[in-house]
Amino acid sequence: VQLQASGGGLVQSGGSLRLSCAASGSTFVINNIGWYRQAPGKQRELVANIERPSGAERYADSVEGRFTISIDNAKNTVYLQMNSLQPEDTAVYYCNGNIWTATKGSVDYWGQGTQVTVSS
């Protein structure tokens with residue numbers, strides 16, 4: 001299974017970006033999928049994730065009300081709509097999924113990071 005992330009970039013404070021992460025590979029089942037971020041000198045932290053099949057969403061307190069996670073089940077793609085971005089949102093964002101395959105069972109997979117930079 002591979003997770004391909006895209007959508008990062010440079011935006012001014014108050015702006016918006018949308019991140020995408022597409023899961024691909026042989027037969028698999030997504031248990032949950034979402035986004036982490038890591039700012040320079042800080043630990044990686046959960047931003048948001050979504051459970052399947054329930055669709056339950058979880059957000060970090062710092063992004064609640066500004067970020068929205070969604071999933072296109074047909075495309076196995078998760079999106080993170082980020083609004084009202086602030087300089088403190090600057091980080092490398094990583095897609096993460098707990099995904100089941102017949103060969104490995106349920107395993108955590110990581111996509112490549114995508115840089116989000118918010119200028120003040």
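Mentor: Start with the secondary structure of this predicted model. The chain has 0 helices and 11 strands.

Trainee: In what order do the elements run from the N terminus on?

Mentor: They run β-β-β-β-β-β-β-β-β-β-β.

Trainee: What makes the radius of gyration agree with a compact globule?

Mentor: Set the value against the rule. With 120 residues, a compact globule would have a radius near 14 Å. The chain has 14 Å, so the two agree. The C-alpha atoms fill a box of roughly 45 × 25 × 20 Å along the principal axes.

Trainee: What share of the residues counts as buried?

Mentor: Of the 120 residues, 41% count as buried. The chain exposes about 6300 Å², and carbon and sulfur atoms supply 46% of that area. As for contacts between residues at least 6 apart in sequence, 54% join residues at least 24 apart.

Trainee: Why is the link between Cys 21 and Cys 95 called a disulfide?

Mentor: The cut-off is a pair of cysteine sulfur atoms within 2.5 Å. Here S to S is 2.0 Å, so the pair meets the definition. A search of the whole structure finds 1 disulfide.

Trainee: What does the pair link?

Mentor: Distant parts of the chain. Cys 21 is in strand S3 (residues 17-24) and Cys 95 is in strand S9 (residues 91-101), 74 residues apart. Both cysteines are buried.

Trainee: Why is the disulfide called left-handed?

Mentor: Look at the torsion about the S-S bond. It is about -85°, so the disulfide is left-handed.

Trainee: On to the rings. How many aromatic pairs are there?

Mentor: The count comes to 2 aromatic pairs. One of them is formed by Tyr 94 and Trp 110.

Trainee: What makes Tyr 94 and Trp 110 an edge-to-face pair?

Mentor: Two tests apply. Ring centres must lie within 6.5 Å, and planes over 60 degrees apart count as edge-to-face. Tyr 94 and Trp 110 are 6.4 Å apart centre to centre, with 85° between the planes.

Trainee: Which parts does the pair tie together?

Mentor: Tyr 94 lies in strand S9 and Trp 110 in strand S10 (residues 105-110), so the pair ties together parts 16 residues apart in sequence. Ring pairs also link Tyr 36, Tyr 94 and Trp 110 into a cluster.

Trainee: Is Tyr 94 buried or exposed?

Mentor: Buried means under 20% relative accessible area. Tyr 94 has 19%, so this residue counts as buried. Trp 110 has 40%, so Trp 110 counts as partly exposed.

Trainee: How do you know that the charged end of Arg 44 sits over the ring of Tyr 94?

Mentor: The distance limit for CZ of Arg is 6 Å from the ring centre, and there is an angle limit of 35 degrees from the ring normal. For Tyr 94 the distance is 3.8 Å. The charged end of Arg 44 also sits over the ring of Trp 110, 4.7 Å from its centre.

Trainee: Now the backbone. What is the omega of the cis peptide bond that joins Arg 52 and Pro 53?

Mentor: Omega there is about 5°. Pro 53 is in the loop between strand S5 (45-51) and strand S6 (57-59).

Trainee: What is the phi of Ser 84?

Mentor: About 50°, a positive value although Ser 84 is not a glycine. Ser 84 is in the loop between S8 and S9. At 36% relative accessible area, Ser 84 is partly exposed.

How values were computed
Residues are numbered from 1 along each chain as its sequence is written. This is a predicted model: local features need pLDDT of at least 70, side-chain atom pairs count only at pLDDT 80 or more; totals for chains, interfaces and linings use all residues. Side-chain values use heavy atoms; hydrogens and water are left out. Helices (H or I, at least four residues) and strands (E, at least two) are DSSP runs, numbered from the N terminus. Buried means under 20% relative accessible area, exposed over 50%, partly exposed in between (1.4 Å probe, protein chains only). Rings of Phe, Tyr and Trp (its six-membered ring) pair if their centres lie within 6.5 Å; planes under 30 degrees apart count as stacked, over 60 as edge-to-face and the rest as tilted. The radius of gyration is taken over C-alpha atoms; the globule rule is 2.2 Å times the number of residues to the power 0.38. Contact means heavy atoms within 4.5 Å. Accessible areas come from the Shrake-Rupley method with a 1.4 Å probe; for residues, only the protein chains shown count as cover.
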